[in-house]
Amino acid sequence: MRRGHGSALDRAERVARRTRIFFATDLHGSSRCFRKFLNAAPVYRADVLVLGADLAGKAIQTIVRAPGGRWRCTFVGTGHDVADGAELAELEKLIEDHGYYPLRVEPGEFEQIRADGHVDDVFLGLMRDRLTAWLALADERLRPTGIPLYFMLGNDDPVELREVLDAAPYGVHAEGRVLGIDDDHELVSWGYSNVTPWHSHREQTEDQLDESLREILAGVRDPRRVVLNVHVPPVDSGLDDAPVLDADLRVVQVLGQVKFAPVGSTAVRRIEEEVQPLLGLHGHIHEATGVRRIGRTLAVNPGSDYSTGALNGALITLERDKIAAHQLVRG
């Protein structure tokens, strides 16, 4: 009787120490995906939300004023001619949900902005405005629940957006920090990638990545209980296979099939093999959705399909020294 009673208490205590993480990454400006990310907390009964990296979108979509109170644009191959008011607002929402930034302009106005060399300034302003709005929505939705939120920039995000994350009314800018997410586990986050063909905003050489990660990891209590939230996945892991590009950045095909090759980080691979954190959270390579073991480390890349409005995510349940459950989800 005593032994049975004690075993039941032990089991209850172990269950009580479980922490369920919902992780998503590479939203690239999609407001629809961000709303789904916030809704994932109650839907999946998550204890912690981690928003990986690459928050900003990649392009401006102009909407040009036309006669008679109309507005016109061609968006992803479809022409739109809408009335001011509700129709225009619906078009702007469609554009936002796909990760683009709608910009109302007069005829010839954007061409003048380009000629004056101010496109980057306008683009950065639009990024700031959307990210600020996202964080205000997170405050509204999550503060009443008390569910922790962690976020960081990725390689495609301009460094100027750091100040927006630092000023967030709710949530924690996690990059470069060691943060306790429960009594047993610490979150270590780094959003830089290795060098890419596009020379994006935040890249490091493999030696620099190795140095940055080791410097942060030096501050953890127990490396084997760490959640390593690093944007770029480990090389040759199956989480980093991307289309091969030629010298002109065109996708290489062989016999009509896209050729893929690993483009992940040797530094991240080395760190995970040596340190053996409990969990590796990765993104960056949208096509390489999957879960792999690197020794005892469970490495996850939920992938991204942001341009369709679908949110890819990963649910991971932590116990003190192990992963109790994991699942890739999409919705």
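A crossing of two helices is left-handed if the near helix is turned anticlockwise from the far one by less than a right angle, and right-handed if clockwise. The crossing of α7 and α8 is right-handed. This is a predicted model, in which local features need pLDDT of at least 70 and side-chain atom pairs count only at pLDDT 80 or more, while totals for chains, interfaces and linings use all residues. Residues are numbered from 1 along each chain as its sequence is written, and side-chain values use heavy atoms, with hydrogens and water left out.

Stay with that helix pair. Helices (H or I, at least four residues) and strands (E, at least two) are DSSP runs, numbered from the N terminus. α7 packs on helix α8 (residues 266-275) at an angle of about 35°, and the axes are 8 Å apart. Those axes are lines fitted to C-alpha atoms, for helices over the stretch in contact, and angles run from 0 to 180 degrees between N-to-C directions. Contact means heavy atoms within 4.5 Å. From α7, the residues Glu-206, Leu-209, Asp-210, Leu-213, Arg-214 and Leu-217 take part. They meet Thr-266, Ala-267, Val-268, Arg-270, Ile-271, Glu-274 and Val-275 in α8. By class, the residues of this contact are seven nonpolar, one polar and five charged. Here Ala, Val, Leu, Ile, Met, Phe, Trp, Tyr, Cys and Pro count as nonpolar, Asp, Glu, Lys and Arg as charged, and the others, Gly among them, as polar.

Buried means under 20% relative accessible area, exposed over 50%, and partly exposed in between (1.4 Å probe, protein chains only). Thr-196 counts as buried because its relative accessibility is 9%. Leaving out residues up to four places away in sequence, Thr-196 touches Asn-155, Glu-203 and His-284.

Now turn to the sheets. Two strands pair if DSSP finds at least two bridges between them. An open sheet of six strands runs in the order β8-β7-β2-β1-β19-β20, with mixed pairing. Its edges are β8 (172-173) and β20 (323-330); each has a single partner strand, so one side of each is left without a neighbour in the sheet. β20 pairs with strand β19 (residues 312-318) in the antiparallel sense, over seven bridges. Within that pairing, Gly-313 stands opposite Val-329 in β20.

Strand β18 (residues 297-301) is next. Five of its five residues are buried, so β18 is largely enclosed by the rest of the structure. In a regular strand the side chains alternate between the two faces of the sheet. In β18 both faces are covered: Thr-297, Ala-299 and Asn-301 lie on one side, Leu-298 and Val-300 on the other. What are the partners of β18? Strand β16 (residues 279-281) runs parallel to β18, joined by three bridges. Gly-280 has Ala-299 in β18 as its bridge partner. Strand β17 (residues 290-294) pairs with β18 in the antiparallel sense over five bridges, and Val-291 stands opposite Val-300. β17 and β18 form a hairpin with two residues between them, and Gly-295 in the turn has a positive phi of about 65°.

Which residues have the most contacts inside the largest nonpolar core? They are Phe-22, Phe-37 and Leu-49, in a core of 43 residues. A nonpolar core is a set of buried Ala, Val, Leu, Ile, Met, Phe, Trp, Tyr and Cys residues joined through side-chain atoms within 4.5 Å. Elements giving two or more residues to this core include β1 (19-24), α2 (31-44), β2 (48-51) and α5. The largest share, ten residues, comes from α5. Beyond its neighbours within four places in sequence, Phe-22 is in contact with residues including Phe-37, Leu-49, Gly-313 and Val-329. Another core lies apart, with 19 residues, among them Tyr-150, Ala-174, Leu-281 and Leu-318.

Helix α5 (residues 119-142) also holds Ala-136. Ala-136 counts as partly exposed because its relative accessibility is 41%. Its C-alpha atom is separated by 7.5 Å from that of Ala-168, 32 residues apart along the chain.

Most residues other than glycine have a negative phi. Arg-45 is not a glycine, yet has a positive phi of about 55°. Arg-45 lies in the loop between α2 and β2 and is exposed, with a relative accessible area of 69%. Leu-249 has a positive phi near 65°. Leu-249 belongs to the loop between β12 (241-243) and β13 (253-254), and at 40% relative accessibility counts as partly exposed.
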